[in-house]
Amino acid sequence: MPVSPSFSPATHFYDLSPGTGAPFYDAVEPADFPALTLRYRNDRAAQSVGLATLNDSEWLNHFGRFEPLAGAQAGPLALRYHGHQFRHYNRDLGDGRGFLFAQLYDGNGRLLDIGTKGSGQTPYSRSGDGRLTLKGGVREVLATEMLAAQGVYTSKTLSVIETGEALYRGDEPSPARSCVLCRLSHAHVRFGTFQRLAYEKDDAGLERLVDYCLTHLLTDNAAPEGKARIISFFDQVVRRSASLAASWMAAGFVHGVLNTDNMTVTGESFDYGPWRFLPVADPGFTAAYFDQTGLYAYGRQPEAVGWNLAQLGGALARIAPADVLTHSLSRYPDHYEQYAEKAFARRFGLAEFDPTDGTDERPVMALLKWMGKTGAHFEQVFFDWYGAGTPSADQSAAPRASDSPQAQLYARPDFAPIREVLLHGKPLAASTRAHAYFNRPTPVTLLIDEVEALWAPIADNDDWTAFEKKIADIRLMGEALALEATSGF
């Protein structure tokens with residue numbers, strides 16, 4: 001395998017319990033697919049971990065047939081976890097259609113997992129077939145590309161390979177085409193991983209998993225010894241989760257299924273099912289048709305993350321003082337507010353909003369209320385006012401705002417206080433409106449009707465042209481905004 005010199009494999013998760021797998025994972029076999037057709041190869045992500053030199057045949061062997069990478073773990077591991085799904089505890093979880101294929105380091109010394117989706121049945125598949133539809137794979141590529149461009153700390157879709165099987169699904173026209181997806185993620189240690197250990201009363205396992213996370217994943221602070229290291233771990237997870245929730249809100253993104261098994265301790269967004277982006281600022285906007293009560297609606301996502309953190313804290317209470325964990329959790333609202341201000345400011349090309357702003361409301365709340373009241377297109381507002389805080393802002397920002405499809409909204413008196421906040425904020429060093437992206441009349445968006453329009457030519461004629469153009473447009477957007485997160489902290 002012609003990997004580059006930067007390829008650096010690891011076996012840290014396997015080493016938690018080599019051989020037996022208990023209590024963290026089970027060794028499994030990948031599915032034997034009838035055909036492999038490469039549909040998406042993320043060489044930008046592959047370059048970061050020394051895998052971009054693989055030719056397409058080698059790529060299919062490793063990410064379709066799952067031949068082990070040299071020096072990485074010898075075979076796939078289905079990870080064990082429980083979790084709350086729509087706030088009901090479920091013990092029958094675990095990797096049911098995916099597994100941990102390999103671990104490796106990127107050029108910044110950050111440990112990453114290569115995980116799969118649609119790679120076959122495992123002991124946790126229940127009645128499922130362990131497969132993924134090709135449409136599901138396409139949707140995950142689009143979500144990860146768009147979120148990365150908007151500065152959300154997200155997993156990267158590494159590969160999508162069509163597998164030649166016909167799948168039958170209730171929510172898609174059947175038979176559906178199938179695929180296997182690989183993602184690069186900063187760990188697959190879920191809140192539910194800890195919940196399972198707590199349910200099993202495995203205090204030693206909880207301690208080992210905390211140590212694993214502090215040693216290999218949460219390296220931003222030196223952890224103290226003894227019980228204090230558990231509090232340090234939880235503090236970091238609370239902070240990272242607050243940052244993640246804030247970045248989703250600033251992106252206008254609705255994850256759709258914020259169960260505890262869909263949240264990782266690194267604060268990285270991952271696992272995209274019924275996601276959607278907002279057309280307008282509507283706090284009640286939901287992504288999943290089965291979310292009948294709006295539990296995971298746009299405006300309730302920060303609350304959902306906080307509730308999930310409480311469940312993680314409850315699991316950790318077996319090995320750390322509950323009152324100290326509760327104190328750490330109590331800081332979540334302040335952390336969220338701090339990160340929301342930063343995340344929304346960055347969407348406008350600002351390091352921070354005007355610190356001398358004398359209005360009664362915080363800028364984020366004022367902005368969202370105004371957007372909700374006027375029905376302003378969510379992404380268009382950020383596009384029109386990006387870079388407004390640069391020198392001579394009054395001159396440079398006015399043409400864009402006045403030429404916008406929603407220019408009349410910016411002329412309203414109730415926008416004036418927001419305009420002042422944007423014009424007098426502190427610009428990001430990389431903020432510029434000179435990029436070619438800003439010559440467009442409207443921003444790149446990824447609303448649900450656009451996603452369906454991208455899928456239609458693939459489904460009807462196997463035509464990937466529109467999909468490939470959208471990926472190129474999203475990456476151009478990311479280049480212009482210069483917001484892409486690499487570590488979250």
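## A walk through the model

I230 touches E207, V210, L316, I319 and A320, leaving aside residues up to four places away in sequence. Touching, or contact, means heavy atoms within 4.5 Å. This is a predicted model, where local features need pLDDT of at least 70, side-chain atom pairs count only at pLDDT 80 or more, and totals for chains, interfaces and linings use all residues. Residues are numbered from 1 along each chain as its sequence is written, and side-chain values use heavy atoms, with hydrogens and water left out.

Stay with I230. It is found in helix α6, residues 228-251. Helices (H or I, at least four residues) and strands (E, at least two) are DSSP runs, numbered from the N terminus. I230 has 0% relative accessibility, so it counts as buried. Buried means under 20% relative accessible area, exposed over 50%, and partly exposed in between (1.4 Å probe, protein chains only). P321 lies 91 residues from I230 along the chain, yet their C-alpha atoms are separated by 9.4 Å.

Now turn to strand β8, residues 111-117. The strand is mostly covered, with 7 of its 7 residues buried. In a regular strand, side chains alternate between the two faces of the sheet. Both faces of β8 are covered. L111, D113, G115 and K117 are buried on one side, and L112, I114 and T116 on the other.

What does β8 pair with? Strand β7, residues 100-105, runs antiparallel to β8 and is joined to it by 5 bridges. Two strands pair if DSSP finds at least two bridges between them. L104 stands opposite L112 in β8. β7 and β8 form a hairpin, with 5 residues between them. In the turn, G109 has a positive phi of about 75°. β8 also pairs with strand β11, residues 176-185, in the antiparallel sense over 5 bridges. There, K117 stands opposite L181 in β11.

Helix α3 (residues 134-149) and helix α16 (residues 465-481) pack at an angle of about 15°, with axes 8 Å apart. Axes are lines fitted to C-alpha atoms, for helices over the stretch in contact, and angles run from 0 to 180 degrees between N-to-C directions. α3 and α16 are therefore roughly parallel to each other, a term for angles under 35 degrees. From α3, the contact is made by V138, V141, L142, E145, M146 and A149. From α16, the contact residues include F467, I471, I474 and M477.

Definitions and conventions
Parallel < 35°, antiparallel > 145°, perpendicular 65-115°, else oblique.
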